[in-house]
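Hi,

Here is the structure I promised to pass on. Have a look at it first, and then read my notes below.

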Amino acid sequence: MAYDTQRRDGPVPREAVSDLLDAVERSLGAAVPFRALVDLDVAAVEARRFKLDAQFALGVPTRTGRFSVNDKGARQAFRDRARRMIPCGRGVLSAVLAAAGGLDVQFTVALKAGPRGAERLSLYLEELPGGPEGAAIRQRLLALGDAVPSEHPGATPAACGVDIDADGEIVAVKDYSMFAAVQPGPHPLLGDVDAWPGHPASGRRRFIHARRYAPGGALVGTKTMWMPETQRADDAAMAWARVDALAAPGPGPADTALATLRAGWRHAPGAFLHPDLVSVDTRAGGEPQGTVVYVSIR
């Protein structure tokens, strides 16, 4: 089969962003809280730079709605909107932004909603600088939950964040470490990396290892996140093939919503859907929690 190898540039249709968010609402079966955080015009311009993603927890029988959006393209406007809309409790949002130490890092908000409404908001500092500056940002943010960052040989700090409940109280803090060039064979943290395809052009495999800590610092869960690095349609086809092999479509609302989104996508070939991350989640004791696919637009 011949794939389209052209790299897309420029904005995507505004309707494409709406379709992605509509799929989140189908997964939830209701209007998604905090959807107004997304400025559709800005998101359409910035979509190809990982501005927005919809998240589908495969195999989960209950209805959930998840998405995340960041401040690319309208940094101050997005942050001002977040301050107006998000319950900050004891000033958590301000404390998260202050942890950046004045450096220009990406601010991201992620929502997890259930049938009764918003269950959790996550506030992230992402695309951290390398070296001691990124490590210091991570340390300051995790200190909000009295947690100590994970140190992994061969990894660099990629992101950090806090989870807050509906009252704005911190329920967890998280750190994310990137493994940019993983060698074949078993890995002590990432497991069987050979189960994941290398990039079609470079052959490289990239991963993020995430840890979630309860307030006080106890480890409560981990994630191994595969980064397909999709730039072109053939990259996306490879990544979707791996997703389909990993988790055959099930009867859960998120499975159905994702299948409907993919089957009905009306913006190709100018813009295509792709899984920008595939996360395998586990509890602290190693028990599997499921697979979450992060879907964006190229």
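Is Lys 174 buried or exposed? Lys 174 is buried, with a relative accessible area of 5%. (Buried means under 20% relative accessible area, exposed over 50%, and partly exposed in between, using a 1.4 Å probe and protein chains only.)

Before the rest, two notes on how to read this. It's a predicted model, where local features need pLDDT of at least 70 and side-chain atom pairs count only at pLDDT 80 or more, while totals for chains, interfaces and linings use all residues. Residues are numbered from 1 along each chain as its sequence is written, and side-chain values use heavy atoms, with hydrogens and water left out.

Back to Lys 174: its side chain meets that of Asp 163 in a salt bridge, 2.7 Å from N to O. (That term means a side-chain nitrogen of Lys or Arg within 4 Å of a carboxyl oxygen of Asp or Glu.) Lys 174 sits in strand 6 (residues 170–179) and Asp 163 in strand 5 (residues 156–164), so the pair ties together parts 11 residues apart in sequence. (Strands, E, of at least two residues and helices, H or I, of at least four are DSSP runs, numbered from the N terminus.) Asp 163 is buried too, at a relative accessible area of 0%. Both belong to a salt-bridge network that also links Arg 120 and Arg 212.

The structure holds 17 salt bridges. Another one joins Arg 206 and Glu 229 at 2.9 Å, N to O, and both of these residues are buried. Arg 83 is partly exposed at 39%, and Asp 80 is partly exposed at 31%.

Now the nonpolar cores. (Each is a set of buried Ala, Val, Leu, Ile, Met, Phe, Trp, Tyr and Cys residues joined through side-chain atoms within 4.5 Å.) The largest has 75 residues, and Phe 56, Phe 107, Leu 123 and Leu 125 touch the most other members. Helix 1 (residues 14–28) gives the largest share, 7 residues. A second, separate core has 14 residues, including Ile 208, Met 227, Leu 277 and Tyr 294.

Leaving aside residues up to four places away in sequence, Phe 107 touches several residues, among them Val 69, Phe 78, Leu 97 and Tyr 124. (Contact means heavy atoms within 4.5 Å.)

Cheers
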